[in-house]
Amino acid sequence: MASITDCVVEGLKYPFNDIKKLLGVGILCVIIDLISIVFTIKTVDVTKMIIGTLEKTNATGFNLNFSQLPNGDIYLAIAMLVVGFIVSLFIMGYQYDVVNFSINRKDDLPGFGDIVGMFIKGVKYFLVCLVYSIPSMIVAFLAILVSNNSSLWSVIMVISVLLIIICYFILIMALNNMIAHDSLKKAFDFSEIRGNISNLGWVKYIGTILFTVIVFMIINMAIGIVMSFLTVIFAATINNQAIVISIVISVIEALFVTSYCSVFFSRVCGSIYREAVK
């Protein structure tokens, strides 16, 4: 049985098996980042416009007419959210395939030939993540309702955080179980999910995920430092072009770093399931 280190090291090497396909994932990540930047800019513009209108008319946010709002910007923002969500589903679909390749011990990276299939897999991936996040969201909503009671709020928030952690660990194996059987129902077969984790051992299961998350964070921190230096360099050479600098840095990070981390993490998740069902 492979050790925790073996699973993570293999996951770190795996994305380099096919740089072209990795960059394909990177392009999807770039699209997400660019949409996020434009959406943020448009949101700031709309907010400034609303504040300006309220100050001029002495109106409130409740009686501000829709006709007074910049419809073009609002529609564009909504369209970008929709496009961003769709692209995210394709990324999740690719992660689905990476996990599947890992479970089946395939050393190559998945291709992009079956676009429809990738989208459907992404929808399944998203639905499972959404369902497993519901318990913590409900508790967090309760915390908002009792925000005036500081002691009760603290207790509920602690419960919410614990639920997030518990659901996250179960979610990893739930996704693996769904992908291994290519069945959405298997993501909620708690008896089988618990059995798979027990087969691997709860300590090793949790330890592998924690170690992977730590490595994931270290990579992002290291890249963050590098990106900071690049930002300083760009800022020194490109005067008064904050948006351009932000776009360039985001493209570099999404194309190479976000794509790499996504494939790496998915590969390790598949390895965890593979070890559990030996």
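1. Helix α5 covers residues 150–181 of this predicted model. With 32 residues at 1.5 Å a residue, α5 should span 46 Å. Just after α5 comes D182, with a positive phi of about 50 degrees.

2. The aromatic pairs come to nine. One of them joins F85 and F126. Their ring centres are 5.1 Å apart and their planes stand at 80 degrees, over the 60 that edge-to-face requires, so the pair is edge-to-face. F85 belongs to helix α3 (residues 71–103) and F126 to helix α4 (residues 115–145). The pair therefore ties together parts that are 41 residues apart in sequence. F85 is partly exposed, at 39% relative accessible area. F126 is partly exposed too, at 26%.

3. Now F216 and F265. Their ring centres lie 6.0 Å apart with planes at 80 degrees, so this pair is edge-to-face. It links distant parts of the chain: F216 sits in helix α7 (residues 202–237), F265 in helix α8 (residues 242–276), 49 residues apart. F216 is partly exposed, with a relative accessible area of 28%. F265 has 18% relative accessibility, under the 20% cut-off, so F265 counts as buried.

4. One aromatic cluster is made up of F16, Y260 and F264.

5. Which residues place a charge over a ring? K106 has its charged end over the ring of F101, 4.6 Å from the ring's centre. R267 lies over the face of Y14, 4.0 Å from the ring centre.

Notes: Residues are numbered from 1 along each chain as its sequence is written. This is a predicted model: local features need pLDDT of at least 70, side-chain atom pairs count only at pLDDT 80 or more; totals for chains, interfaces and linings use all residues. Side-chain values use heavy atoms; hydrogens and water are left out. Helices (H or I, at least four residues) and strands (E, at least two) are DSSP runs, numbered from the N terminus. The expected span of a helix is 1.5 Å times one less than its number of residues. Rings of Phe, Tyr and Trp (its six-membered ring) pair if their centres lie within 6.5 Å; planes under 30 degrees apart count as stacked, over 60 as edge-to-face and the rest as tilted. Buried means under 20% relative accessible area, exposed over 50%, partly exposed in between (1.4 Å probe, protein chains only). A charge sits over a ring if NZ of Lys or CZ of Arg is within 6 Å of the ring centre and within 35 degrees of the ring normal.
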